[in-house]
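Work through the exercises below with the sequence and the model in view. Try each task before you read its solution.

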Amino acid sequence: MRARTQKAVALVVAIAIVLALLLSLLVVFSDTAAAHAEMRRSAPKPDQAVGGLVDRVEMEFREPIEPHDQNGVALQYPDGTRALTAIEVNGHLVRGHFDPLTEPGTYKVIWELLDQSDGDWATEEWEFTYDPAAAPPEWLPESAAEGSGGDGGISGATVALIVIIPVAVVLVVWLFWPRRRGEDRAQQRRSARTKKRR
């Protein structure tokens with residue numbers, strides 16, 4: 001009876017491990033599918049205060065951007081007015097050019113771009129502050145067009161998958177390997193008793 005209970009518990013745990021693995025894979029793939037046209041870095045940076053000559057915004061994306069006449073990068077000024085920039089698309093790198101800023105305040109960048117990898121449109125917005133006394137932005141290198149920039153880390157879903165798989169393997173081995181050896185020893189004891197009776 002006890003052996004049956006142990007087997008049932010082991011089966012439930014094994015099923016739970018398999019479901020956890022499937023769920024983690026689903027999360028990873030859904031994150032990957034949802035990551036089209038995701039901005040990796042920019043100049044100015046979001047929420048950064050910059051000064052000097054600021055006549056453009058630069059953005060590097062995780063996936064290459066498809067050149068398209070409907071691509072747009074708009075700049076919203078501190079008074080709420082918006083103007084489209086002169087957009088330049090080069091692989092992963094997008095630039096929006098405008099007249100040099102002179103008015104201090106918070107500016108909002110709104111972009112809508114076509115992802116080359118999946119053909120989907122994506123849009124996002126972010127802000128920076130212009131302060132003539134602040135340091136100028138660090139403009140992105142031309143190598144950003146090849147998607148050379150990094151974000152310094154990996155996604156939470158990837159970390160979860162890296163952790164879950166080894167843990168699942170260890171649990172499966174722990175659940176079944178010792179029990180199997182115990183069953184073998186019990187079988188040996190039963191065989192020894194049977195031989196003695198004979």
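**Exercise 1. Describe the chain as a whole.**

Start with burial. Buried residues make up 30% of the 198 residues in the chain; buried means under 20% relative accessible area, exposed over 50%, and partly exposed in between, with a 1.4 Å probe and protein chains only. This is a predicted model, where local features need pLDDT of at least 70, side-chain atom pairs count only at pLDDT 80 or more, and totals for chains, interfaces and linings use all residues. Residues are numbered from 1 along each chain as its sequence is written, and side-chain values use heavy atoms, with hydrogens and water left out.

Next, list the elements. The chain has 2 helices and 9 strands; these are DSSP runs, numbered from the N terminus, with at least four residues (H or I) for a helix and at least two (E) for a strand. From the N terminus, the order is α-β-β-β-β-β-β-β-β-β-α.

**Exercise 2. Which kind of aromatic pair do Phe61 and Trp111 form, and where do they lie?**

First, the count. The structure holds 4 aromatic pairs. Rings of Phe, Tyr and Trp (its six-membered ring) pair if their centres lie within 6.5 Å; planes under 30 degrees apart are stacked, over 60 edge-to-face, the rest tilted.

Now the geometry. Phe61 and Trp111 are 4.9 Å apart, centre to centre, with 85° between the planes, and the pair is edge-to-face.

Then the positions. Phe61 is in strand S3 and Trp111 in strand S8 (residues 105-114), so the pair ties together parts 50 residues apart in sequence.

Last, burial. Phe61 is buried, at 0% relative accessible area. Trp111 is buried too, at 1%.

**Exercise 3. Which residues do ring pairs link into a cluster?**

Begin with one pair. Tyr77 and Tyr107 are edge-to-face, 5.5 Å centre to centre, with 70° between the planes. Tyr77 is partly exposed at 24%, whereas Tyr107 is buried at 1%.

Now extend it. Ring pairs link Tyr77, Tyr107, Trp126 and Phe128 into a cluster.
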